[in-house]
Amino acid sequence: CRAKLIMSLTHFASRDAMNIAGLSEMIITKFVKHGFLKNYTDIYELKKYEQEIKFYQVLDSKNPNKNHKLYSNLISSIEKSKKVFLYNFIYALGINQIGLSSSKILCENFAYDIQKIRSANIGDLILIKGFGQSMAESIKKYFSDLENMRLLDKILLILEFKPPKKIISKKNLDGLTF
C-alpha cells in the first residue's frame, strides 16, 4: 500500500530516527510516485535519480531554480545520516511497539550489537526490564521476516554506528571532587 510505504519512510527519515533533514512526507510522496523509493534502502540510492530530481522539478515544482540547491542539501543530509546511533536506527525501522526509549534499552541490553539483537530469542527479550511478551514477539517477528532481513543486510553495508553516548551517573562521579 502506497500510503503505508509513505508513512514508514517518513518515520524512517524523522528527527528521532535517521534525522534526514529535507526528506519530508511531501518529498517522500513525490519520490514514491516517481518510483524512486520502494523501501528505506532506496533513500541511499537517490543519487542515481539526480537528473530527474533536479530537472523535472520533483522537489519544488513552483520554483525550478531551487531544485539544484534542494537536491544538494538533501543528498548532504542523507550522507550525514549514514553515521547514526544504533538505537536511532532500531527506532527508524518502525518495529511495532518499539519507541525510541525502548530502542535505547534494547541496545543497552545487547551491548549495542545489531547482530545480537537480530538473533535474540523471545526469552532473552522478555528478561529486559520493561519489556513484555508482546514487545518481545514484535521484535522477534520483525527480525524473522526474510524481506526485513534482506533490507537490513543491505543497509548495514551503508551505515556506520556511532558509539553510544556516555550517561553520567552517580557511580561515575564517586570519589571525584569539584
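Let me start with helix H3, residues 50–55, which holds both Lys-54 and Glu-50. The two residues are 4 apart there, about one turn of the helix. What I am showing is a predicted model, so please keep that in mind throughout.

What do the side chains of Lys-54 and Glu-50 form? They meet in a salt bridge, at 2.6 Å from N to O. In general, side chains of opposite charge can pair when their charged atoms come close. The two partners differ in cover. Lys-54 is buried, because its relative accessible area is 17% and the cut-off for buried is under 20%. Glu-50, with 26%, is partly exposed.

How many salt bridges does the count come to? The count is 8. I will take two others from that set.

One is between Lys-48 and Glu-45, where the side chains meet at 3.4 Å, N to O. Lys-48 is exposed, at 55% relative accessible area. Glu-45 is partly exposed, at 25% relative accessibility.

The other is between Lys-82 and Glu-79, with an N to O distance of 3.1 Å. Both of these residues count as partly exposed: Lys-82 has 21% relative accessibility, and Glu-79 has 32%. Going back to Lys-48 and Glu-45 for a moment, which residues do shared partners join into one network? Salt bridges link Glu-45, Lys-48 and Lys-154 in that way.

Lys-80, Lys-104, Lys-162 and Lys-165 form a positive surface patch. If you want to find one of them on the screen, look at helix H6, residues 100–109, which contains Lys-104. Is Lys-104 buried or partly exposed? Lys-104 counts as partly exposed, because its relative accessibility is 34%.

Last, the cysteines. How many disulfides does a search of the whole structure find? The search finds 0. Cys-1 is exposed, with a relative accessible area of 77%. Cys-107 is buried, with a relative accessible area of 0%.

Glu-45, Lys-48 and Lys-154 belong to one salt-bridge network. The positive patch is made by Lys-80, Lys-104, Lys-162 and Lys-165. As for disulfides, the number found is 0.

How values were computed
Residues numbered from 1 in each chain as written. Predicted model: local features only at pLDDT ≥ 70, side-chain atom pairs only at ≥ 80, totals over all residues. Heavy atoms only, no water. Patch = residues over 30% accessible without salt bridge, like charges linked within 9 Å, V, L, I, M, F, W, Y side chains within 5 Å. Areas by Shrake-Rupley, 256 points an atom, 1.4 Å probe, with all protein chains shown as cover. Salt bridge = Lys/Arg side-chain N within 4 Å of Asp/Glu carboxyl O. Lys, Arg positive; Asp, Glu negative; His and termini not counted. Charge placed at Lys NZ, Arg CZ, Asp CG, Glu CD. Buried < 20%, exposed > 50% of the residue type's maximum accessible area, 1.4 Å probe, protein only. Disulfide = S-S within 2.5 Å.
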